[in-house]
Amino acid sequence: MNHKVHLMEHPLIAHKITMLRSKDTCVKDFRHLVYEIALLMGYEATKDLPLRDFTVETPLMEAQGKTIAKKITIIPILRAGLGMVDGILDLIPSATVGHIGLYRDHETLKPVEYYCKMPPDITERQVIVVDPMLATGGSAAAAIDFIKQRGANNIKFVCLIAAPEGVKVLTEAHPDVEVYIACLDEKLNEKGYILPGLGDAGDRLFGTL
């Protein structure tokens, strides 16, 4: 596998992904599982954040420690990516949150940006793009294109379930982007859904089945 692609192997993530897949998992439980998995993945995706020296006063004396040296922005791809934001925010409460929304033009079949809001200092930030599903890879690759156009140059992509086809498209379009995947599935079906997958993540998160 591409050295930029990181497949999670934690038992808790594997357990929660299995529960997430079940068609019997209700909206409330599905939403909470997405939150929990995102939190666990956020820990792994941030393990290489740069640090700087910091001096702190304990109740007894001065101590030398470390603090995070880079500001962080989480960017969900609307709408399903919203379900992953709070998990990572609970790890990094100081992170800012951007948003990007895309739709596919029915005539050209190309992704069109309909909404994009980023922090003004995006060029200085570690960006973590989140979306539960990496299926064809077209939307993820396009979203990162648009984010890079705003000046971001340090980007990671975090998803729960991916198809090999989507991983190939994303890594070829953006070889500089680190990709974190909770589970790599078998393939896409003829409609572009991941198999075995979990259905439409957005519908299951927001109860719009």
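Select Thr-171 and show its side chain. The backbone oxygen of Lys-168 lies 3.3 Å from a polar atom of that side chain, and the side chain also reaches the backbone oxygen of Val-167, at 2.7 Å. Both are polar contacts (a pair of N or O atoms within 3.5 Å; within protein, one must be able to donate a hydrogen and the other to accept it, and residues adjacent in sequence count only if both atoms are side-chain atoms). The model is predicted, so to speak of local features pLDDT of at least 70 is needed, side-chain atom pairs count only at pLDDT 80 or more, and totals for chains, interfaces and linings use all residues. Residues are numbered from 1 along each chain as its sequence is written, and side-chain values use heavy atoms, with hydrogens and water left out.

**Helix α5**

Helices (H or I, at least four residues) and strands (E, at least two) are DSSP runs, numbered from the N terminus. Thr-171 is buried, with a relative accessible area of 13%. Buried means under 20% relative accessible area, exposed over 50%, and partly exposed in between (1.4 Å probe, protein chains only).

Which residues of α5 are buried? They are Gly-166, Val-167, Leu-170 and Thr-171. Seen down the axis of α5, these residues fall within an arc of 120°, so they line one face of the helix. The arc is that of the directions from the helix axis to the C-beta atoms. Now show what this face packs against: β1 (5-7), β9 (133-134), α4 (138-149), β10 and β11. For Thr-171 itself, leaving aside neighbours within four places in sequence, the residues in contact are Asn-2, Val-5 and Val-179. Contact means heavy atoms within 4.5 Å.

Next select Tyr-180, which is in strand β11. Is Tyr-180 buried or exposed? At 3% relative accessibility, Tyr-180 counts as buried. Five of the seven residues of β11 are buried, so the strand is largely enclosed by the rest of the structure.

β1 and β11 pair in the parallel sense over three bridges, and His-6 stands opposite Tyr-180. β10 and β11 also run parallel, joined by six bridges; here Val-158 has Tyr-180 as its bridge partner. Two strands pair if DSSP finds at least two bridges between them. For a distance, pick the C-alpha atoms of Tyr-180 and Ile-161: they are separated by 9.7 Å, with the residues 19 apart along the chain.

**The largest nonpolar core**

Select Leu-160. Not counting residues up to four places away in sequence, Leu-160 touches residues including Ile-17, Leu-20, Ile-37, Met-41, Met-84 and Ile-181.

Leu-160 is one of the residues with the most contacts inside the largest nonpolar core, which has 36 residues. A nonpolar core is a set of buried Ala, Val, Leu, Ile, Met, Phe, Trp, Tyr and Cys residues joined through side-chain atoms within 4.5 Å. Among the elements that give two or more residues to this core are α1 (11-21), α2 (27-45), α3 (82-91) and β10 (155-162). The largest share, seven residues, comes from α2. Apart from this core lies another, of 28 residues, among them Val-5, Ile-122, Leu-134 and Val-179.

Select α1 and look for its buried residues, which are Ile-13, Lys-16, Ile-17 and Leu-20. Seen down the axis of α1, they fall within an arc of 105°, so they line one face of the helix. On the other side of α1, Pro-11 and Thr-18 are exposed. The buried residues of α1 pack against α2, β10, β11 and α6.

In α3, pick out the buried Gly-83, Met-84, Val-85, Gly-87, Ile-88 and Leu-89. What do the buried residues of α3 pack against? They pack against α2, β4, β5 (96-97), β8, β10 and α6.

**A hairpin and a loop**

Select residues 51-57 and 62-68, strands β2 and β3, which run antiparallel and are joined by seven bridges. A hairpin of four residues joins β2 to β3. Within the pair, Thr-55 has Gln-64 in β3 as its bridge partner.

Then go to Asp-121, in the loop between β7 (111-117) and β8. Asp-121 is buried, with a relative accessible area of 16%, and a polar contact of 2.8 Å joins its side chain to that of Arg-125.

**Confidence**

Last, colour the chain by pLDDT, the predictor's confidence in each residue, from 0 to 100. The mean for the chain is 94, and 99% of its residues reach 70 or more. Confidence is lowest in strand β6 (residues 99-104), at a mean of 88, and highest in β10, at 98.
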